[in-house]
Amino acid sequence: KCIVAAVTLAGLTALPASSLAASSDLSMLTRLLTPADLMLMIGNVCTARDPSFLAETAGKRGDFRFYAQEVKDEVSHGVPAAENLLVLRQAADVAKAGALKAIESLRSDSPDTELSAINAWCDTIVKSLVREYIRTHDDRHAEFELLLARAKARATPD
């Protein structure tokens with residue numbers, strides 16, 4: 001079950017392009033934001049279970065909530081309100097679907113078995129994914145900014 005969850009979560013970085021307005025690259029903005037939303041959602045599940053999850057997965061500049069908000073702010077900055085709302089909504093919807101699918105894979109008829117599965121998922125897969133997301137964001141932020149600038153340049157009519 002944990003492998004299914006990991007594949008589901010990892011696969012969200014390769015979202016299909018949607019049919020948005022030709023003058024916009026809102027799908028790229030959505031793809032840049034979705035992993036941060038997903039990390040936030042699954043991280044919050046694990047933090048609710050064990051508040052020390054925040055500190056155990058923190059990066060150089062803060063916990064996963066800081067990083068998710070930073071990405072959201074960076075993606076949103078300078079994007080017209082209507083387009084920004086669309087990007088925020090689409091990224092949240094895709095992340096929510098992925099998080100729910102992963103959590104659903106942990107369900108069990110036995111509450112003890114389910115709790116044990118959630119604990120194991122949080123302590124291994126989610127902890128690893130959140131740490132890797134934060135490390136990648138710190139180490140490759142310049143690349144993220146370049147992708148973001150390209151998406152925004154295409155989102156602005158000539």
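1. Contact between α2 and α4. In this predicted model, helix α2 meets helix α4 through a defined set of residues. On the α2 side these are L29, L32, L33, A36, M39, L40, G43, N44 and T47. Their partners in α4 are F64, R65, Y67, A68, V71, K72 and V75. By class, the contact of α2 with α4 comprises 11 nonpolar, 3 polar and 2 charged residues.

2. Geometry of α2 and α4. Two packed helices are described by the angle between their axes and by the distance between those axes. For α2 and α4 (residues 64-76), the angle is about 155° and the axes are 9 Å apart. Angles over 145 degrees count as roughly antiparallel, and α2 and α4 are therefore roughly antiparallel to each other. The crossing in which α2 passes α4 is left-handed.

3. Geometry of α2 and α5. Helix α2 (residues 26-49) also packs with helix α5 (residues 81-104): their axes come within 7 Å and cross at roughly 45°. That angle makes α2 oblique to α5. Here α2 passes α5 in a right-handed crossing, whereas the crossing of α2 with α4 is left-handed. The residues of the contact of α2 with α5 divide into 16 nonpolar, 4 polar and 3 charged.

4. Aromatic pairs. How many aromatic pairs does the structure hold? There are 2. In one of them, the ring centres of F53 and F64 are 6.0 Å apart and the ring planes stand at 70°, so the pair is edge-to-face. F53 belongs to helix α3 (residues 53-56) and F64 to helix α4, so this pair ties together parts that are 11 residues apart in sequence. Burial under the criterion used here means under 20% relative accessible area. F53 is buried, at a relative accessible area of 0%, and F64 is likewise buried, at 0%. F64 is also among the α4 residues that meet α2.

5. The pair F66 and Y67. These two residues form an aromatic pair that is edge-to-face, with 5.5 Å from centre to centre and 90° between the planes. Are the two partners buried or partly exposed? F66 has 34% relative accessibility and counts as partly exposed. Y67, in contrast, is buried, with a relative accessible area of 0%. Y67 is also one of the α4 residues in contact with α2.

6. Residue N84. N84 lies in helix α5. Is N84 buried or exposed? At 14% relative accessibility, N84 counts as buried. Which residues does N84 touch, not counting residues up to four places away in sequence? The contacts of N84 on that basis are S76 and V79. S76 falls within the span of α4, residues 64-76.

7. The chain as a whole. The secondary structure of the protein chain comes to 7 helices and 0 strands. Along the sequence, the pattern reads α-α-α-α-α-α-α. The protein chain has 158 residues, of which 41% count as buried. Of the contacts in the protein chain between residues at least 6 apart in sequence, 78% join residues at least 24 apart.

Terms used: Residues numbered from 1 in each chain as written. Predicted model: local features only at pLDDT ≥ 70, side-chain atom pairs only at ≥ 80, totals over all residues. Heavy atoms only, no water. Axes fitted to C-alpha atoms, helices over the stretch in contact; angles between N-to-C directions. Helix = DSSP H or I, 4+ residues; strand = E, 2+ residues; numbered from the N terminus. Parallel < 35°, antiparallel > 145°, perpendicular 65-115°, else oblique. Left-handed = near helix turned anticlockwise from the far one by under 90°. Nonpolar A, V, L, I, M, F, W, Y, C, P; charged D, E, K, R; others polar. Contact = heavy atoms within 4.5 Å. Phe/Tyr/Trp six-rings, centres within 6.5 Å; stacked < 30°, edge-to-face > 60°. Buried < 20%, exposed > 50% of the residue type's maximum accessible area, 1.4 Å probe, protein only.
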